Amino acid sequence: AEAQMREYKRLADRMVAIDPSDPKWQLEQKYADTNLGIVLVDVGRYQEAAGVFRHSLDEAERLVAEAPGNADYRKTQIETLAWLADALEYNGQIDDALARREQQIGILDGLLREARIDPDYRRQAMVANRAAGRLYATRGDLAEGLRHLQAATKLGQELYRIERDNADWAGLAAFAQLDRAAVELAAGDLDGQPCRARS
C-alpha cells in the first residue's frame, strides 16, 4: 500500500509540474500526500506521517489563501489538520497535537457561525473538540478538557436534531459523552466533590 501511495504521489507531483495552474492537479497532489500519511499512520510510523501531513497542510493552506471561498480547499485544510494532530498525538507530541486541534477548532468555529453550512462541519467540530478535550485532560487541565468535551456533546445533540438516524454521528456523539463522563469523574475525584459541569 505504501508503494502504491508513493507512486500516486509521484504521478500527482508530475501532473502539477506539467501544469501548476490546474486546480484539479493541485488537489490530486494534496490527496496523494494525505493518503500516504494515512498509510504511514496505519503502520505506526507517526513521525514520518506527521512530516507528510505538514507538507500536505502547507499545500492546503496555500490553496485556501489563493481561493478563500473554495469549500473543497477549506475542507481539505480542516481534514489535514485532524490527521496531523492524530499523528503528533500518537507520536507523543501532545502540545503540538493540541495546537493543531485548536487551529482546526478555530477554523470550524468561524464556519459554524455562517447561516447555511454543511452539517459535516458540525461533525468535524465535534470530533476536534472531543480530541482536544482528551488532550487537555492528558496534560492535567481537566477544566479546559471539560470545556471542549461539553462543546463536543452539544454539537452531537445538534447533529442528532438534524439527522436522528445517522449511526456514524450517533456513535461519535456517544464516544464524546463517554469521554466527558470520564473527565467529570476524574475532576470529581480530585477535589472530593462531584463535578457539576454545565451543559
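**Close-up views of helix α6 in a predicted model**

View A. Helix α6 is followed by G140, whose phi is positive, near 95°. Helices (H or I, at least four residues) and strands (E, at least two) are DSSP runs, numbered from the N terminus. This is a predicted model, in which local features need pLDDT of at least 70 and side-chain atom pairs pLDDT 80 or more, while totals for chains, interfaces and linings use all residues. Residues are numbered from 1 along each chain as its sequence is written, and side-chain values use heavy atoms, leaving out hydrogens and water. The 20 residues of α6 (residues 119-138) should span 28 Å at 1.5 Å a residue, which agrees with the 29 Å between its end C-alpha atoms; the expected span is 1.5 Å times one less than the number of residues. At the start of α6, a side-chain oxygen of D118 lies within 2.8 Å of the backbone nitrogen of D120.

View B. R123 and D120, 3 residues apart in α6, form a salt bridge (2.6 Å, N to O). The term denotes a side-chain nitrogen of Lys or Arg within 4 Å of a carboxyl oxygen of Asp or Glu.

**View C. α6 and helix α4.** E89 and R134 meet in a salt bridge (3.0 Å, N to O). E89 lies in α4 (residues 71-90) and R134 in α6, so the pair ties together parts 45 residues apart in sequence. E89 is buried at 17% relative accessibility, whereas R134 is partly exposed at 28%; buried means under 20% relative accessible area, exposed over 50%, and partly exposed in between (1.4 Å probe, protein chains only).

Note on methods
A polar contact is a pair of N or O atoms within 3.5 Å; within protein, one must be able to donate a hydrogen and the other to accept it, and residues adjacent in sequence count only if both atoms are side-chain atoms.
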